[in-house]
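Me: Hi! I'm new to this one and have a few quick questions. Could you walk me through it?

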Amino acid sequence: MLRRLLRNPLAAAGGLIVLALFAAAAGAPWLAPYDPSDFDAAYVLDGPSVRHLLGTDGLGRDVLSRMLFGARVSLMVGFVSVGIASLVGVTLGAVAGYFRGVVDTVLMRFVDVMLTFPTFFLILAVIAYLDASIWNIMLVIGLTSWMGVCRLVRAEVLSLRERDFLVAAEALGMKPSRVILRHALPNAMAPVFVAGILGVAGAILVESALSFLGIGVQPPQPSWGNILTEGKSTLGVAWWLSVCPGLAILITVLGYNLLGEGLRDVLDPRLRAR
Amino acid sequence: MAERATAVSRLAAITPALAALVAAASLLLHGCGDGSDGDNAQRDDPQSPAASAAGADPAPAYGDAIVFGTIGDGSTLIPMLASDSSSHEYASHLFDGLLEYDKTLSHLEPRLARSWEVSPDGLQITFHLRRDVHWTDGVAFTARDVQFAFDTIRDPKTMTAYAEDYKQVQRFELLGDYDFRVTYEKPFAPALASWNSMMVLPRHLLEGKDINETDFSQHPVGLGSHVFESWERNTRFTLRANPEYYRGRPHIEQVVYRVIPDESTQFLELKSGGLDMMGLTPLQFRRQTSSQTFDRGFRKYRYVSNSYTYMGYNLDNPLFQDVRVRRAFTHAINKQEIVDVVLFGLGRAAEGPYRPGTTWLNKNLRPYGFDPAKAKALLAEAGWRDSDGDGILDKDGQPFSFKILTNQGNDQRLKTATVIQKRLRDIGVDVAVRVVEWSAFINDFIDKRRFDVIVLGWSLSLDPDQYDIWHSSKTGYKQFNFVGFKNAEVDELLEKGRRTFDEDERRRIYDRVQEILVEQQPYTFLYVPDSLPIVASRFHGIEEAPAGISWNFPQWYVPTALQKYTIAP
Amino acid sequence: MLSYLAKRLAGFVPLLLGISFVSFLVMAMAPGTPVDLMTDLNPKASPEARERLEKFYGLDQPLYVQYGLWLGRIVQGDLGTSFSRDRRPVLDKIAEALPITLFLNVLDLALILGLAIPIGIYSAARQYSLVDRATTVFVFIGFAMPSFWVALLAMMLFGEQLGWLPISGLRSLDYDSMSALGQIGDRVRHLILPVGIAALTGLAGLSRYMRSSMLEVLRQDYIQTARAKGLSETVVVYRHALRNALLPVVTILGLSIPGLIGGSVIAETIFAIPGMGRLFYTSVLMRDYPVVMGITLIGAVLTLLGNLLADLMYVAVDPRLRKR
């Protein structure tokens, strides 16, 4: 499978970007030339130079260091919110598919409500009302994006319930719930995994949109979204302040999408090339 | 952050003109950093035509339009109902006050009132109104209109937040069509200034109607320099010059406010000619408006704004009860550094709560000075030492650490807090910075006193009364002495200051208040930013004064040859 | 058919109830009330003034009473009056903003469909070709750029530097004095940037969806049969496969409506367009509950109608479903 993935150059490139990003985020404390919150009043909005490879921001902080630490924050937002979404989606989907009947109807109605809700509205309202802490942001993004996964898992579990081997397993005295856990979920995992990878990219974009509105991750904690938002007001004088986070977001989201798409092609036999 | 800033600035930063006239201490918080100072500049305080003649400019001409940008739209054009700065700004073109501060901000000048007398005991004020003023529907303006506004603002059914000053009035007597007298229960020094533009309404149009629900708030009839023309919600608000304006017809025929929520977009619009005037951020002033294009197309102005930023300590918190700790912090903070970094040098360090350049500022206040060594010594004196060698001071086993809180959407305050964080870390104090949405900030943290230290701002009023901020009776829920400052001498002085009319005596009172504040440091006063308006260079007749540039707005003009918009009269 | 419609429409009711209840709950949890915002840190606002304001807005009542009252008004088709000082009916405010948002979104969608379908078809027909890969990267770059950043860059380039297009708003100041043709031209010029950028960022979703849908169809037996019969690839793709591949795209369109309305707040902010996104966001900040509730409700109704429409179209297009 890995080989097939690598044969797709776009997916391979995506994978490489994702790996590089992880390395950068993980290595931030060692890679960053400066403390990301340390400022130098003598070098405010100073362009890229040997001293500051990616220039400095409005307080004279090193942009490269802030970008590296921001990578951690942005990736964390992506992964934790996708984790929450997957957890909720898989659990509810499995429960609905397994129990069927009333439970299924109620849960699927709830999914309908959530899908009908203008999600971004909900995120806005909740973040504006609660507090734009990084935890709330991850929680809200997670709790508003689990519906797709839920439907996927439910469909998989439902179809499995109908199959012969489950009946056989039940006849053999095995608990159906265990069978579901052992067989249905792993089957459903591939699309969930792909959805998760695409979700990470989506969450990073949502965070930057929230930052634009001023309710993303709050400075002085750096995130790519809030660095970009500062860059917005310095567009004419300090291009590096918007180009760095803008490109970082672009490349990251692109990488995740290419990887996700490539994986989907590989994992979904129906889409495979003739 | 534009959006957040919108609501914050609109709700919190009432126009300075109003703030000044709302008597008492004008306590309206500046919600929004970058934009609001500029907003302040766009005030319209008409001045007598005689005062305008500016140098060798081309001859004044009528016509053309001026386009302003506003972050948020207004909501109502009835000043006493408005709670956002855009509404007040729109309405300031439509209504005039009975009197107004002059361009030097040192004394009150006649407007709708031709003259007035204050009785020797300070209990009565008699106003004599101009006889040549008409509402723009042609009906004469009389003292009954003032009386109607007075009754309306005091009516419990009126949804106004501005009634308190007028509740001090015991009796309102009409002495004729153009004269009336108000009697106060107790002498009230800020009283005179309270008779501002909030206090006129056309009785003939509004009597018997529910002021809260009337359509007048959307299609008003005024008597000010401009006439309402049209209002396209969240897009555009348009005014026309009032040809019958009693202080002379304004030269610029049309005034347009464009609602542009994003500040970067506003700046791009300015550059490409879509806006004629806006308030610049310090960064824009210093770095983005110095090209030749800008020199040719625009003129920049810079003067002291009417707000200050401070760091306030929660005095109920044992950490900050020792005055030595507060003094140490003030020594540890380099105010000039903050001005240089956050404001690009466009502002000045503040030592007390009065506007630099006005008569109320005590010129003999001794600045603390940036002195980290002294700060450490003071903290050591107060018992804070680094006994476990982790770089953080401690006392009784507790490390010295706390949070600085500020509101979301104000970039300057956030940067200020970040600079302070570093400076305090230098003397061994561990500080975290936290930003909270405006409403939650007020309700959950300020009102409930759940904060250690805050970075916030106040508008500066022209009247020196600061009873609401510093008096010990104002420490209750939803009141403004939220740092919990209690000082018997200050209480007494504030009470006395309110009852004293003699300027010199008042100055002595408030000079002493400032001395005590400096000594006690309930706040570390940080800085007063500059207002940085920029105006397209086709506008002539602009005269910079302590009041800013907009005080003579009706006298601004565009020479015929330079006119950009053709407005059919 | 009619009974199907009736059943679907009846199904809306519990959904809408659920949505309105969740919205109400979110707002009830929020710190601060509109009254706080009007009186905060205003020295002239006494406690009595606050109480009066609270009573005026009905905020002194228990929550379930407030929700009940709101529901009661909704049943009569009354969305209430805004808490803002303009005291205008919620319906008026929405009626101003909704057409703008709908119009822009319809344009976006048309543009996206016009581009995404050909891209998707071509990519699928030539899977893993250079063009497939190039368009893949292109549409993903569009998707991956933070939209406000692209918008600002485009405004700087086309508006400020080149001066070709207006920067923000929907009409010029001197619009009223233009000729009819000039007015149309003025509107079009104002629409190019916001619509173009929305299309750029929205292209990826639909074109990728179209591609995979097409890929799936092309693998079906009947397509293989058609090929085996010696039909040209063009005929196979356009005559036989396209129709079936379009089916799932219709569904996706219905599902994307809430995102279109909600996601517009960024574009509306940066381009100074007074649409639903801005209205919603400012109302949230001002705690203007009636407007927030009204927009949520209308947004939900639109979404449900969109889904219904998508389903109906699906039935219309798919002969297998028509018999039922």
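Me: Is helix 11 of chain A mostly covered or mostly open, and how many of its residues are buried?
Reply: Mostly covered: nine of the 10 residues in helix 11 (residues 224-233) of chain A are buried. Buried means under 20% relative accessible area, with a 1.4 Å probe and protein chains only. Helices here are DSSP runs of H or I, at least four residues, numbered from the N terminus.

Me: Which residues are the buried ones in helix 11 of chain A?
Reply: Among them are Trp224(A), Ile227(A), Leu228(A), Glu230(A) and Lys232(A).

Me: Where do these values come from?
Reply: This is a predicted model, where local features need pLDDT of at least 70 and side-chain atom pairs count only at pLDDT 80 or more, while totals for chains, interfaces and linings use all residues. Residues are numbered from 1 along each chain as its sequence is written, chains are lettered from A, and side-chain values use heavy atoms, leaving out hydrogens and water.

Me: Ok, and how many helices and strands in chain A?
Reply: Chain A has 12 helices and zero strands. Buried residues make up 58% of its 274 residues.

Me: New topic: how many residues does the contact take from chain A and from chain C?
Reply: Chain A gives 46 residues and chain C gives 52, where contact means heavy atoms within 4.5 Å.

Me: What about salt bridges there, how many across that interface?
Reply: One is found between chain A and chain C. Arg208(C) and Glu261(A) meet through their side chains at 2.6 Å, N to O. A salt bridge needs a side-chain nitrogen of Lys or Arg within 4 Å of a carboxyl oxygen of Asp or Glu.

Note on methods:
Helix = DSSP H or I, 4+ residues; strand = E, 2+ residues; numbered from the N terminus. Buried < 20%, exposed > 50% of the residue type's maximum accessible area, 1.4 Å probe, protein only.
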